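Subject: Structure for you to look at

Hello,

Here is the structure I said I would pass on. Please open it alongside the notes below.

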Amino acid sequence: MEYFAAQNLKESWGKKPCDHPVIEKEYYNGAFLINFVCTQCGKEFTIAQKLEMEETSKSVISSNK
Ligand SMILES: [Zn+2]
């Protein structure tokens, strides 16, 4: 997702809660930035935060078994 699209999305989404169902790479003028962005609310994540979320969702799934 383009950086400016993410900023617009973030503005239009406002302060509503979001569980960030889809996170994709953020880029700027065709070049990838190091950040990821939620395609629903436009929130930015670092790679570390994204990995942490993946770990968290895995542990939630395994603890439900
Ligand atoms: Zn989100």
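Of the contacts in the chain with a separation of 6 or more, 34% are between residues 24 or more positions apart. Please keep in mind that this is a predicted model.

Overall layout: there are two helices and three strands, and along the sequence they come in the pattern α-β-β-β-α. The chain has 65 residues, and 9% of them count as buried.

Core: the largest nonpolar core consists of five residues, namely Ala 6, Ile 23, Phe 36, Val 37 and Cys 38. Strand 2 (residues 31-38) supplies three residues, the largest share of this core.

Which residues does Ile 23 touch, leaving aside those up to four places away in sequence? They are Phe 36, Val 37, Cys 38, Phe 45 and Lys 50.

Loop: Lys 15 sits between helix 1 (3-13) and strand 1 (23-28), in the loop that links them. Is Lys 15 buried or exposed? Lys 15 counts as exposed because it has 6 C-beta neighbours inside 10 Å, and the cut-off for exposed is 12 or fewer. Lys 15 and Cys 41 are 26 residues apart along the chain, and their C-alpha atoms are separated by 9.0 Å.

Regards

Conventions: Residues numbered from 1 in each chain as written. Predicted model: local features only at pLDDT ≥ 70, side-chain atom pairs only at ≥ 80, totals over all residues. Helix = DSSP H or I, 4+ residues; strand = E, 2+ residues; numbered from the N terminus. Buried ≥ 20, exposed ≤ 12 C-beta atoms within 10 Å, placed from the backbone. Contact = placed C-beta atoms within 7 Å. Core = buried A, V, L, I, M, F, W, Y, C linked by C-beta atoms within 7 Å.
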